[in-house]
Amino acid sequence: MNAPDKPILRIDKLTVDFLSEGDPVRAVDDVSFDVCPGETLVILGESGSGKSVSTGTVMGLIDCPPGDIVSGSLVFDGTDLSGLDDEGRRELNGRRIAMIFQDPLAYLNPVYTVGRQIAEVFESHGEGEGGAVRDKVVRLLERVGIPEADERIDYYPHQFSGGQRQRVMIAMAIALKPDILIADEPTTALDVSVQAQILELLRDLQRETGMALIMITHDLEVAAAMADRIIVMNGGKVVESGKAEDVFTNPSHAYTRRLMSAVPHADAPKVPRNAAPGEVLLQVAHLSKHYKLGSGPFSPKREFRAVDDVSFTLRRGETVGIVGESGSGKSSIARMLLRLNEPTSGAALFAGEDIFKFKGRALDGFRRRVQMVFQDPFGSMNPRMNVRSIISEPWAIHRDILPRERWNERVVELLELVGLKADHAERHPHQFSGGQRQRIAIARALASEPELIVCDEAVSALDVSIQMQVIELLADLRQRLGLSYVFITHDLPIVRQFADRILVMQRGRIVEEGETEALFVSPQHEYTKTLLRAVPQPKWLRSDPAPIAGQGISGKV
Amino acid sequence: MMLGYIGRRAYHSVISVIGLLTLVFFLTRLTGDPSALYLPLDSSLEARQAFARLNGLDQPIYVQFFQYLQNLMSLDFGQSLRQNRSAIEVALEAFPATLKLALVAMTLATVLAIVVGALAAARPGSLFDRVAGLVSLAGASTPDFWIAIVGILVFAVGLGMLPTSGTGTALHWIMPIVVLMLRPFGLLVQVVRGTMISALASPFIKTAHAKGMKRRKIIFGHALRNSLLPVITVAGDLATGLINGAVVVETIFGWPGIGKLMIDSIIQRDFAVVQSTILVTAIAIFIVNIAIDLLYAVLDPRIRY
């Protein structure tokens, strides 16, 4: 597939600044790369590494100002892109260069049908209007795997699932058979099994049309699954580039090596675990949460079972991982265990006492002993409070934990415990990176000296290299403080390192439960196998290079 | 679904209209005895009592109120003391003049505001944007009675181009409409500009650029449609204000609308007419609000009732 053709796009020494208040910020610094027809180039990097900005300039999607191309050239098929006027740019966009984005719900206009939005591609480039276009759009939707396309063409974006919306975006992008498709984190917002189908679709389309694919991702597995060549970006610079297999098997730059080592592999060293778990700390029995649908007096009563008859046991010092895709009911369990929602039925005993019977003072006491760390370290902290007041807030609520004279001392202790510095106490949340903020969230959770911490997708929003650091911190605290965790995630590889036992959830039910290694090595339930298979395999190791065209679209999303 | 929704809204509105009419019933009767205005100053006590008896004003107030409610049930809204005919007829006769004025003023204000606001938002900080900002701010904040009086002074008295008041020719419409639409126009330009700027920053606008769409289509097709909801909310609110009777403007320009009728009837203690004008405007405002809700559902497919 590595076509020996000359590159269709060549970017040479590109430097882009962003003018924020005061000094310009260098977003892209002396970046060069090219891509040939039929080839897949992956731009790999963590958030803020400049990968989206460099491709945004290719499509003229960076607003100038605040963006400013300081130097460098972008040549597409003999045309200098930076010298194009609006009309020339418009001619290329959509027809010869197309793009899909991370979050298709936000990137589709909510008030127009998907059919109309796809048809606009044809109309904008003078490729017909009205009924003739409609037929083309139906065929496109069929091609990207939307069932009942001739009916669904008149649906609005919110009436599709996340995976289908991305399929619609892809249909829009490939409408005029572009020479280059730029995919900016196309599967980041999707569940793993859906991600696999979308990647498959992109590979099939590339094989059919011979287009060049530039894929931006922070996900090493996705990168490995798709790339012919890789460039790795960090801090606006290209730190490594080369054939995918070489970069993965023999990374030369220190940053790339760090990135690679952060990915949890089966043979990666395990984080320390408690050898002998103690007595039972949490016992959940037949826990259910049902929601009634249809509120009016005349609408039919239906029930949605968010959590359906879930039972499990957690011992002191142990970690149980709850794994499932979005909507599987994992977070509902967490919310009930913390008494944020009431269950429909079932019981949960915490150290022998029924959680759902706690009232008043007893409930306060219980909440002290169980803490939660949320997914979004940005949203779960008051931006106006400094770190000191964030961490010491539990002591203001539970007066008996710590006398006020010791607060400052203890804040410093906690900050050091989670790997931050004493002088961080005076700063505000926005002055920290995502990983640092999650450390603050953990310090806040530790402040009330809990016995159990519920982590709801606690590392999902973090870059891979940061994810492992936070996991290691949690494991270390488990060892030192004898903590227990309920660790909720959609990301299977991560729990392999960390959890003692895993519950796999699907549609509110536990479909499989087992010791971590056993579950990974010999999964029993079909759904678990699907989840494990869905973790993409590297492209250079795949044995099925040529699936029959159309096969990849049969999967329902 | 939709009919059920309208039914529910109507039911709620009936309750609030009854509450409103109750309040108005007692408040108007606080203004004093009508016979003091309708009979000659030197009329005898017997004549006054006869007048009161004839119009039911000799009864205790709660009996009058009960009687009023009973009559409402049979759609009898009472007699106008001043014109000696059905009060609701008087109110309905005055209403079209107000409605026409409000409709023209609001349509012009909304259309102009959308165009000006959208163009200002397309190039924030440009000369056009700054001029539009200045004009709209002035329009939104200058009191209408002042503009009306200065307008009469300049265009009617000074230049003699336009009539001072009344209806009749097309020229009579110009000043009332311009004065009425200035405030809605000014406010709406600001709203349109604000919502358009955030709509133009939405991710789906990036998609439209990536598709290679024309800039004009992106602004008026994609961004505008998404920024209309808040505009309609504000426009609806302003429209109810105009339907409510542009009391000041109608009075200044001698416009025979419902606002002027209301003021005149209050001054004349023509209770039945005051109550009827309020009933008519309340129903009109209810219809406007329903129309806005339905427009929401038309404009945004995610909204369902």
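**A close look at the helix packing**

Modeller: Happy to! Buried residues make up 45% of the 557 residues in chain A. Please keep in mind that this is a predicted model.

Let me stay with chain A for a moment, to give you the setting. Its secondary structure amounts to 20 helices and 20 strands. With a radius of gyration of 26 Å, close to the 24 Å that the globule rule gives for 557 residues, chain A is as compact as a globular protein of that length. If you take the contacts in chain A with a separation of 6 or more, 70% of them are between residues 24 or more positions apart.

Within that chain, look at helix α14 (residues 387–397) of chain A and helix α15 (residues 407–417) of chain A: their axes come within 10 Å and cross at roughly 115°. This angle makes α14(A) roughly perpendicular to α15(A). The crossing of the two, α14(A) and α15(A), is right-handed. On the α14(A) side you will find Arg388(A), Ile391(A), Ser392(A) and Trp395(A), which meet Trp407(A), Val411(A) and Leu414(A) in α15(A). Sorted by class, the residues of this contact are five nonpolar, one polar and one charged.

Now to the partner chain. Chain B has 13 helices and zero strands, and read along the sequence its pattern is α-α-α-α-α-α-α-α-α-α-α-α-α. Its C-alpha atoms fill a box of roughly 85 × 55 × 30 Å along the principal axes. Of its 305 residues, 33% count as buried. Among the contacts in chain B between residues at least 6 apart in sequence, 73% join residues at least 24 apart.

The helix pair to pick out here is helix α1 (residues 2–29) of chain B with helix α13 (residues 271–299) of chain B, whose axes come within 10 Å and cross at roughly 155°. That angle makes α1(B) roughly antiparallel to α13(B). The crossing of α1(B) and α13(B) is right-handed. From α1(B), the residues taking part include Ile6(B), Arg9(B), Ser13(B), Val17(B), Leu20(B) and Phe25(B). Among their counterparts in α13(B) are Phe271(B), Gln275(B), Ile278(B), Ala282(B) and Ile290(B). By class, the residues of the contact of α1(B) with α13(B) divide into 13 nonpolar, three polar and two charged.

One of those residues, Val17(B) in α1(B), gives a handy reference point for another part of the chain. Met161(B) sits in the loop between α7 (144–158) and α8 (171–200) of chain B. Met161(B) is exposed, with 11 other C-beta atoms within 10 Å. Between the C-alpha atoms of Met161(B) and Val17(B) there is a separation of 43 Å, and the two residues are 144 residues apart along the chain.

Finally, here is how the chains meet. The contact takes 25 residues from chain A and 18 residues from chain B. On the side of chain A that touches chain B, at least two residues each come from α2 (86–92), β6 (97–100), α3 (104–107) and α4 (114–124) of chain A. That side of chain A has 13 nonpolar, six polar and six charged residues.

Technical notes: Residues are numbered from 1 along each chain as its sequence is written. Chains are lettered from A and ligands numbered from 1 in the order in which they are written. This is a predicted model: local features need pLDDT of at least 70, side-chain atom pairs count only at pLDDT 80 or more; totals for chains, interfaces and linings use all residues. Axes are lines fitted to C-alpha atoms, for helices over the stretch in contact, and angles run from 0 to 180 degrees between N-to-C directions. Helices (H or I, at least four residues) and strands (E, at least two) are DSSP runs, numbered from the N terminus. Angles under 35 degrees count as roughly parallel, over 145 as roughly antiparallel, 65 to 115 as roughly perpendicular and the rest as oblique. A crossing is left-handed if the near helix is turned anticlockwise from the far one by less than a right angle, and right-handed if clockwise. Two residues are in contact if their C-beta atoms, placed from the backbone, lie within 7 Å. Ala, Val, Leu, Ile, Met, Phe, Trp, Tyr, Cys and Pro count as nonpolar, Asp, Glu, Lys and Arg as charged, and the others, Gly among them, as polar. The radius of gyration is taken over C-alpha atoms; the globule rule is 2.2 Å times the number of residues to the power 0.38. A residue is buried if 20 or more other C-beta atoms lie within 10 Å of its own, exposed if 12 or fewer, and partly exposed in between; C-beta atoms are placed from the backbone.
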